[in-house]
Amino acid sequence: MQKRDNFNRYYWGKHLSIKRGNKKAQFKNKLTIKKSKNFDFLKLRVFWALFRARMFEFYYGIHVKIRLLHDNTYAKGGNYKKWSDRPISKTVHRSIFYSYITATLGFMLLQAIAPYGINIFKPREAFAATLTHSQPQFATGTPTNVNTAVSPIVLTSPASVGNLISPTIDRGVGTVAKYSALSWYTSGSGVTTQPAGTSLQIQIAVNDNNTTWNYVGPDGLATSYFTTATGHTATAILAGRYVRYKVIFNPSAGVSPALYSLTLTYTDVVTGDMAGGDMIVTSGYSHTVTGDRQTTNGYKSITVNSASALYIQPNDGVDGSVIDVNYTGGTGKVLLTGSSTLIPLGYTGTTNGVGVTINATDIQIDSGSSINGAGRGFAASTGPGKGA
């Protein structure tokens, strides 16, 4: 045993150098293997033999311990011996063993098929969800010449245009939702047609302050509308914590259009952007954090995945933005994966280079992702990206 330990210290001390990142401004742990000029094949064979022995001990050690426990308990007699002597006990034990193997292989297969949905060791990618409103929710909105006491809702007076502004929908603290499509039913469930000449025009408004309500259509313009009941896809990025929709009822010849239910399709592209949060930016979204996030306002972790971008914008010209990723109970890790980018910005109006400090336990940048400050307010040949 002493010889084996001496050999391990000699071999690994000579052939392997590990550099660990500091707590601050170290973007990725590095593992460097140094090759020896005079490679010793005898030592390699000894190392391989020791490695196989250790694997053998690991593989069979637990089995041997369980077997010894079984033998000792069996020797004492009692209920355990009675159970073990029954023929069915072998069948039960065998079934449990094969069930465990099958479940393990099945879980591994699901991880390969849907890594973000199944694999608990990878950051989750956001999936699209839907939110549906019908008469009870319509009744809590703000109607103008629209009767929300009936279902489907219709114009109170079909002689003129009316509209309904929905109640505010809040996705929650630290969350940004991107709205990608609208669809609706008219006179009943599954019905998408309107009386001849009548129509609905719908716009939505999103913000992060619950104050500014600018209603736009699928292309982000105030002059356009969602008009296809079976599903109208947004071409602009319509994202925010808060959202409202506005439905315009256009009658014809004294006949009102109808609205039975309305469905918003959305994806939570940012979650956990709050004090003590595990912030995740996902689904190709570009998110900006402004100012400091220090001490009790810091994060537990930051993950940017799925071709997304996280911009950090300083709000002063003294020390820029200081982002702490060391909130109590968190991993303290910044992870950039899936061709994603973290972009530190320079403070506008001051000397270039007054930018961003990130304090984290570990910063991991996977292949294809980057931290890039090039052309973002940093002086040439300084800062992340070196101004290239």
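Predicted model: local features only at pLDDT ≥ 70, side-chain atom pairs only at ≥ 80, totals over all residues.

Biologist: Okay. How many helices and strands are there in the protein chain?

Modeller: The protein chain has 6 helices and 24 strands.

Biologist: And how much of the chain counts as buried?

Modeller: Of its 388 residues, 36% count as buried. The accessible surface of the chain comes to about 22300 Å². Carbon and sulfur atoms hold 56% of that surface.

Biologist: What share of the contacts with a separation of 6 or more joins residues 24 or more positions apart?

Modeller: That share is 67% in the protein chain.

Biologist: New topic. How many salt bridges does the structure hold?

Modeller: It holds 2. Side chains of opposite charge can pair when their charged atoms come close.

Biologist: Which residue does Arg 241 pair with?

Modeller: Arg 241 forms a salt bridge with Asp 170. Their closest N and O atoms are 2.8 Å apart. The two residues sit in distant parts of the chain, 71 residues apart. Arg 241 is in the loop between strand E12 (239-240) and strand E13 (242-250). Asp 170 belongs to strand E8 (residues 169-170).

Biologist: Is Arg 241 buried or exposed?

Modeller: Buried, because its relative accessible area is 19% and the cut-off for buried is under 20%. Asp 170 is at 39%, so that residue counts as partly exposed.

Biologist: What about the salt bridge of Arg 171?

Modeller: The side chain of Arg 171 meets that of Asp 268, at 2.7 Å from N to O. This pair also links distant parts of the chain, 97 residues apart. Arg 171 lies in the loop between E8 and strand E9 (176-185). Asp 268 is in strand E14 (residues 261-271).

Biologist: Switching to sheets. In what order do the strands of the open sheet run?

Modeller: The order is E16-E18-E21-E24, and the pairing is parallel. That makes 4 strands.

Biologist: Which ones are the edge strands?

Modeller: Strand E16 (286-290) and strand E24 (370-371). Each of them pairs on one side only.

Biologist: How many bridges join E21 to E24?

Modeller: There are 2 bridges, and the two strands run parallel. E21 covers residues 341-344. Thr 341 stands opposite Ser 370 in E24.

Conventions. Residues numbered from 1 in each chain as written. Heavy atoms only, no water. Pairing = 2+ DSSP bridges. Salt bridge = Lys/Arg side-chain N within 4 Å of Asp/Glu carboxyl O. Buried < 20%, exposed > 50% of the residue type's maximum accessible area, 1.4 Å probe, protein only. Contact = heavy atoms within 4.5 Å. Areas by Shrake-Rupley, 256 points an atom, 1.4 Å probe, with all protein chains shown as cover.
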